[in-house]
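Here is my note on the model, point by point. Please read it with the structure open.

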Amino acid sequence: AFLSYFLMLFLIALGIFYVLGYSFVVWGTIIVVGLFYYFFGIMDSSWFVLMGTLVPENQRGKYFSKRNRKLQFFGMIAMIISAYLLDVSTKYGSIVGQVTTYTVFCFCFLFFMSFLFRLKSIQLLKKQYEPRIKIKKKERRSFRRFLKEIRRTHFGNFAFYYAIFKFSIAIASPFFVVYILNELKFSYTLFVLTNVSIILFNVLFFPIIGKIADNYGNIALTR
C-alpha cells in the first residue's frame with residue numbers, strides 16, 4: 001500500500017521536470033501511473049477480501065452503501081476544493097504569462113497533500129483487525145489452473161467479465177477527460193461539478209441500492 005502511494009512523489013518530481021523542459025516526462029508519467037494502478041489493484045482486491053470476511057453477508061449491502069456515501073461525500077468536497085485551486089492557479093498564471101508552470105505546481109501541491117492523507121490512512125489501516133484465513137490444501141488453486149478453468153467456473157466467468165469491463169473503461173476514460181477539457185473547453189470547476197452530479201446521485205440512492213443488494217443479491221443489481 002505504501003509503495004503505491006509513494007509513487008505520488010514521483011509524479012510531483014515529474015511535474016517539476018516538465019516545467020524544466022525535460023523530454024522524458026510523458027513516458028515517465030505513463031510508467032508511474034501504470035505502476036500506481038498495478039499496486040493499487042493488488043491492494044484494493046486484498047482489502048475487499050478482508051472486508052468480506054469481517055462484514056456479515058446479510059449486512060454487506062447496508063455497510064458498503066454507508067461507507068461509499070461517506071467516502072464520496074468527502075471526495076466531492078476534495079474535488080471542489082481542488083478544482084477551485086486549479087482554476088485560481090490557471091487564471092493567475094495567465095495574468096503573469098506562465099499558465100503551464102502555475103498549473104503544474106498546483107497539481108504537484110495536490111499530489112503532495114494526497115500523499116500526506118494517504119500516509120495517515122495507512123496508519124489507521126494498521127489498526128484494523130485481520131482474522132487468520134486457513135485455506136485447505138484441496139481448495140488451493142494455482143494461477144495456471146485458474147486460467148484453464150476460467151470459462152468453466154462462476155468465479156472465472158465473473159473475473160473474465162470484470163477484466164473486460166475495467167479494460168474498456170481504462171481505454172475510454174483518459175480520452176473522455178481530454179475531450180471535456182480541450183474540445184468542450186470546460187474549466188476545472190465545471191468539469192468537477194459534472195462529476196459531482198454523479199456523486200450526489202450515488203449518495204442519494206446508495207441506501208436503497210444497499211437494501212436491494214441485501215434482500216435480492218448483487219447479481220440482481222448487475223443485471
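1. H3 against H4. In this predicted model, the axes of H3 and helix H4 (residues 99-125) come within 7 Å of each other. They cross at roughly 155°. That angle is over 145 degrees, so H3 and H4 count as roughly antiparallel. The crossing of H3 past H4 is right-handed.

2. Residues at the H3 and H4 contact. The H3 side supplies Ser82, Leu85, Leu86, Ser89, Thr90, Tyr92, Gly93, Ser94 and Val96. They meet Val99, Tyr102, Thr103, Cys106, Phe107, Phe109 and Leu110 in H4.

3. H2 against H3. Helix H2 (residues 25-54) also packs on H3. Here the angle is about 130°, and the axes are 11 Å apart. H2 and H3 are therefore oblique to each other. Their crossing is right-handed. From H2, the residues involved are Trp47, Phe48, Met51 and Gly52. In H3 they meet Arg60, Tyr63, Phe64 and Arg67.

4. Aspartate 87. This one deserves a look. Aspartate 87 sits in helix H3 (residues 60-96). Which side chain of opposite charge is nearest to aspartate 87, and how far away is it? It is lysine 91, at 5.9 Å. A salt bridge needs a side-chain nitrogen of Lys or Arg within 4 Å of a carboxyl oxygen. Aspartate 87 has no salt bridge, yet it is buried. Beyond residues up to four places away in sequence, aspartate 87 touches Ser187, Tyr188 and Thr189.

5. Arginine 69. Helix H3 also holds arginine 69. Its relative accessible area is 33%, so arginine 69 counts as partly exposed. What does arginine 69 contact, leaving aside neighbours within four places in sequence? The partners are Val203, Phe206 and Pro207. Arginine 69 and phenylalanine 205 are 136 residues apart in sequence. In space, their C-alpha atoms are 9.1 Å apart.

6. Threonine 100. This residue lies in helix H4. Threonine 100 is partly exposed, because its relative accessible area is 45%. Along the sequence, 82 residues separate threonine 100 from tyrosine 18. The C-alpha to C-alpha distance between threonine 100 and tyrosine 18 is 9.5 Å.

7. Glutamine 128. Now to the loops. Glutamine 128 is in the loop between H4 and helix H5 (143-148). Is glutamine 128 partly exposed or buried? Its relative accessibility is 27%, so glutamine 128 counts as partly exposed. The contacts of glutamine 128 are Trp47, Leu50, Met51 and Leu54, with residues up to four places away in sequence not counted. Trp47 and Met51 are also among the H2 residues that meet H3. Glutamine 128 and leucine 50 are 78 residues apart in sequence. Their C-alpha atoms lie 10.0 Å apart in space.

8. Lysine 185. The loop between helix H6 (154-183) and helix H7 (188-216) holds lysine 185. Phi of lysine 185 is near 60°. That is a positive value in a residue other than glycine. Please inspect the backbone there. Lysine 185 has a relative accessibility of 67%, so it counts as exposed.

9. The chain overall. How many helices and strands does the protein chain have? There are 8 helices and 0 strands. Read along the sequence, the pattern is α-α-α-α-α-α-α-α. The protein chain has 223 residues, and buried residues make up 20% of them. Aspartate 87 is one of the buried residues. Now take the contacts between residues at least 6 apart in sequence. Of these, 65% join residues at least 24 apart.

Technical notes:
Residues are numbered from 1 along each chain as its sequence is written. This is a predicted model: local features need pLDDT of at least 70, side-chain atom pairs count only at pLDDT 80 or more; totals for chains, interfaces and linings use all residues. Side-chain values use heavy atoms; hydrogens and water are left out. Helices (H or I, at least four residues) and strands (E, at least two) are DSSP runs, numbered from the N terminus. Buried means under 20% relative accessible area, exposed over 50%, partly exposed in between (1.4 Å probe, protein chains only). Lys and Arg count as positive and Asp and Glu as negative; His and the chain ends are not counted. Contact means heavy atoms within 4.5 Å. Axes are lines fitted to C-alpha atoms, for helices over the stretch in contact, and angles run from 0 to 180 degrees between N-to-C directions. Angles under 35 degrees count as roughly parallel, over 145 as roughly antiparallel, 65 to 115 as roughly perpendicular and the rest as oblique. A crossing is left-handed if the near helix is turned anticlockwise from the far one by less than a right angle, and right-handed if clockwise.
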